[in-house]
Amino acid sequence: SKLDVDTRDSISTKANPVQYGKFEISTPYTYKKYVALTKGEEDKAAQGLSKLAQEDQTLRVVNDAENHQTLLYGIGDQQLEVAASKLLNKYKVKIALEKPAVAYRETIRKTSDVDSKYKKQSGGHGQYGHVKMKFEPSGDLEKPYVFEQIVVGGSVPKNYFPAVEKGIAESVLKGPMAGYPVVGVKAVLYDGSYHPVDSSEQAFKTAASMAFKKGFMEAGPVLLEPIASLKVTAPDKSRSWRQMSRRASCTATARRFVPSPAEQEASSIRSPAMSRRLRMFRRKKSKRGQRKQQSKSCNLKLPCVIMRMLISACVSGTGHCFVDSTTGIALQWEE
């Protein structure tokens, strides 16, 4: 009969069991988007990659619902290419490995004050909703929005406040600038008006959505790239690394403003902040004076390793750690 075994399983008889020590599987950090070249073979490609991932557990298939793409993770580019070749030879499915989309976010830098009115009359009861709102940065990029109301005098009845907030909540899912999720926006409802017959929750929700789109675009909208924290740890046995290890914890703030669709396609690997940090690092390294040739060649490996980490700065998950076998430098990053 066919045995149901996976990688890392051991086979033995019940009378003579064989046990091996547990070993760790390396965490994959290189990823690409894959697309089936033949229409209708998406399921066949997914099944084939799932079987390959059972054989090689450093391969992973992740569905990125936010960017509407499927990602193939591996230890390096060569492994991903080998996986695509195996998929073609064993399962007769050809896939293309492409550059994945970046999960941008939208936010605002300024404040805006908008007056939005939704009025519709088509016989019988109409639709009427009128809101006056302010939009400003909330200072918390972990939350999509913060909603407050400071209406006085009953210009907007209290029973319409949830409808206004619902209009904001639906609007932040797809920003008006480029269609990415919105973060760090504070919306304040301070005035408005209503009609005793034509006003409804739907009308105020629509009015709030219109106010958000207008106010967002008037408040200095920007795109944010993912941010990664990079930690460098050097071995104590090398004197050239000892001093650096005390100050080698840096934050690669890969955030920039992308006001045009053309700049949205720019690579997030080498943002201006990252480039400045690398230039500063190289200047400091050049001022250390005369060192042994062995130490100099060792130090020159660090920027290459750092760049290898920065390339994977958009990977999903946290707490990845990599050790360079030549220098013994440990690199750890968190989103």
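I count angles under 35 degrees as roughly parallel, over 145 as roughly antiparallel, 65 to 115 as roughly perpendicular and the rest as oblique. Axes are lines fitted to C-alpha atoms, for helices over the stretch in contact, and angles run from 0 to 180 degrees between N-to-C directions. Helices (H or I, at least four residues) and strands (E, at least two) are DSSP runs, numbered from the N terminus.

The model is predicted: local features need pLDDT of at least 70, side-chain atom pairs count only at pLDDT 80 or more, and totals for chains, interfaces and linings use all residues. Residues are numbered from 1 along each chain as its sequence is written, and side-chain values use heavy atoms, without hydrogens and water.

I looked at the helices first. Helix H1 (residues 42–55) packs on helix H2 (residues 77–91) at about 115°, with the axes 10 Å apart. H1 and H2 are therefore roughly perpendicular to each other. On the H1 side I found contact (heavy atoms within 4.5 Å) by residues including Gly-48, Leu-49 and Leu-52, and on the H2 side by residues including Ala-83 and Leu-87.

I then turned to the sheet. It is open, with 4 strands in the order S2-S3-S1-S4 and antiparallel pairing; two strands pair if DSSP finds at least two bridges between them. Strands S2 (60–64) and S4 (95–98) are the edges, each pairing on one side only. The twist averages 40° from one strand to the next.

I checked strand S1 (residues 30–36) against S4: they pair in the antiparallel sense over 4 bridges. Ala-36 has Ile-95 of S4 as its bridge partner.
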